[in-house]
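This report describes a protein structure for a reader who is new to the subject. Please keep the sequence and the model in view while reading.

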Amino acid sequence: MDPEVTVLAQSAGTTLVTLMATDAWHRVRDGITQLWRRTQPERAETVAAELEAGREDVLAAVAADDQATLDELRLQWQGLVRRLLVARPAAVEELRALLDQLDPDGSAARQITQHATASGQARVYQAGRDQHIAER
């Protein structure tokens, strides 16, 4: 798979989910629906319905501070966008332009959270030295 498509799909998934909970919602819905109408018209109404349902899920997850659901929704939209771009490579530039219009400074795409778990053991690297640390 083209790494550029993967990165663009990741950015799109994050941007869409982030903006679903903002005043930009209507522009997001209209822009994404129009993109699908031009590239995969047979799927446009389904995608529009998924956007509406997704927004309700995003709003509920934001209200509950449910990061797991927000992460799941980002991945869902990332997959939908990636499949669109693989099927219609000409849509790459159109999607890029839409994302630039919806999120000109890229702030929505940068709102990615990371989760980590501790295994009880770790390695610390400092100034070229490797130290093994075991939790007790």
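The following paragraphs treat the overall layout, the helices and the salt bridges in turn.

## Basis and overall layout

The structure is a predicted model, in which local features need pLDDT of at least 70 and side-chain atom pairs count only at pLDDT 80 or more, while totals for chains, interfaces and linings use all residues. Residues are numbered from 1 along each chain as its sequence is written, and side-chain values use heavy atoms, with hydrogens and water left out.

The protein contains 5 helices and 2 strands. Helices (H or I, at least four residues) and strands (E, at least two) are DSSP runs, numbered from the N terminus. Starting at the N terminus, the order of the elements is α-α-α-α-α-β-β.

Of the 136 residues in the protein, 36% are buried. Here buried means under 20% relative accessible area, exposed means over 50%, and partly exposed lies in between (1.4 Å probe, protein chains only). Contact means heavy atoms within 4.5 Å. Among the contacts in the protein with a separation of 6 or more, 66% come from residues 24 or more positions apart.

Helix α2 has 15 residues and reaches 21 Å from its first C-alpha to its last, close to the expected 21 Å. The expected span of a helix is 1.5 Å times one less than its number of residues. The buried residues of α2 are W25, V28, G31, I32, T33, L35, W36 and T39. Their cover includes α1, α3, α4 (67-87) and α5.

Helix α5 has 12 residues, and its C-alpha atoms reach 16 Å from first to last, close to the 16 Å expected. Which residues of α5 are buried? They are A91, V92, L95, L98, L99 and L102. Seen down the axis of α5, these buried residues fall within an arc of 130 degrees, so they line one face of the helix. The arc is that of the directions from the helix axis to the C-beta atoms. The face of α5 turned away from the buried side carries the exposed residues E93, D100 and Q101. What covers the buried residues of α5 includes α1, α2 and α4.

## The packing of α1 against α5

Helices α1 and α5 pack at an angle of about 35 degrees, and their axes are 11 Å apart. Axes are lines fitted to C-alpha atoms, for helices over the stretch in contact, and angles run from 0 to 180 degrees between N-to-C directions. On the α1 side, the contact is made by E4, V5, L8, S11, A12, T15 and L19, and on the α5 side by V92, L95, R96, L99 and L102.

## Salt bridges

Side chains of opposite charge can pair when their charged atoms come close. A salt bridge is a side-chain nitrogen of Lys or Arg within 4 Å of a carboxyl oxygen of Asp or Glu.

| Pair | Closest N to O distance |
|---|---|
| R96 and E4 | 2.4 Å |
| R29 and E52 | 3.3 Å |

R96 forms a salt bridge with E4. R96 lies in helix α5 (residues 91-102) and E4 in helix α1 (residues 3-20), so the pair ties together parts that are 92 residues apart in sequence. R96 is partly exposed at 26% relative accessibility, and E4 is partly exposed at 39%. R96 and E93 are 3 residues apart in helix α5, about one helical turn. E93 is exposed, with a relative accessible area of 52%. Together, E4, E93 and R96 are linked in a network of salt bridges.

R29 forms a salt bridge with E52. R29 lies in helix α2 (residues 25-39) and E52 in helix α3 (residues 44-63), so this pair ties together parts that are 23 residues apart in sequence. R29 is partly exposed at 22% relative accessible area, and E52 is partly exposed at 34%.

## Two single residues

Q78 is found in helix α4 and is buried, with a relative accessible area of 19%. Leaving aside neighbours within four places in sequence, Q78 is in contact with A9, Q10 and G13.

D65 is found in the loop between α3 and α4. D65 has a positive phi of about 50 degrees although it is not a glycine. D65 is exposed, with a relative accessible area of 61%.
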